[in-house]
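Opened the model today and went through the packing. My entries follow.

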Amino acid sequence: MYFAALLARTEDGWEASDTELDDVETLADLAELAREAAADDGETVIVFIEQEDAWFGVVRVDGEDDPRVFVSNGAAAARSSYGEILTSEILGADEQDGVLDELTDLDGTEDGEPEDADEDDNAPDAAAVAPAGPLGETLVLADLGMDEQALLGLETGDALGEIAEAIGAADILEAVR
């Protein structure tokens with residue numbers, strides 16, 4: 001079971017909404033969903049994702065800038081659908097896939113290789129390479145009131161509540177829980 005919420009920082013404080021992640025397949029999809037939650041272009045939007053106390057993730061989207069991502073437990077997150085989206089981005093799996101695509105012909109095989117050869121069978125999955133600990137940008141919330149040490153010290157139980165309290169959005173997050 002997942003919990004997800006979007007917190008948009010406005011001139012009047014934080015505004016939150018819970019969200020459905022059903023149509024999210026990539027980090028770009030998640031970033032677009034966050035940008036849609038912002039009332040004005042350039043606003044900071046924080047996406048909270050949590051999977052039943054196994055891991056939590058924080059995605060920060062500032063206007064059109066690239067999303068910044070932190071995951072509490074890379075290995076646990078990589079074994080779940082939404083966590084895999086975050087860990088793959090952090091570990092650079094999308095970049096590796098792009099390099100492989102450039103090396104293949106239009107039929108999906110490398111020059112001189114039979115069509116039934118499958119390179120992906122030998123590639124490690126994100127869960128195999130993701131560390132069983134924090135992964136990503138530990139300073140993602142530093143300017144909002146949650147420093148690196150505090151973020152790294154969180155336990156998964158009520159981590160999102162503690163983060164929301166540190167950034168001044170505890171009441172807002174509680175309203176959508």
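I started with H1, where Leu27, Leu30, Ala31, Leu33 and Ala34 are buried (under 20% relative accessible area; exposed is over 50%, partly exposed in between, with a 1.4 Å probe and protein chains only). They sit on the same side of H1 because they cover an arc of only 160° around the axis, the arc being that of the directions from the helix axis to the C-beta atoms. Ala28 and Glu36, on the other side of H1, are exposed.

A note on what I'm reading: this is a predicted model, with local features needing pLDDT of at least 70 and side-chain atom pairs counting only at pLDDT 80 or more, while totals for chains, interfaces and linings use all residues. Residues are numbered from 1 along each chain as its sequence is written, and side-chain values use heavy atoms, with hydrogens and water left out.

Helices (H or I, at least four residues) and strands (E, at least two) are DSSP runs, numbered from the N terminus. I checked what the buried residues of H1 pack against, and found E1, E3, E4, E5 and H3. Leucine 30 is in contact (heavy atoms within 4.5 Å) with Leu21, Val24, Val47, Ile49, Val59 and Leu86, leaving aside neighbours within four places in sequence.
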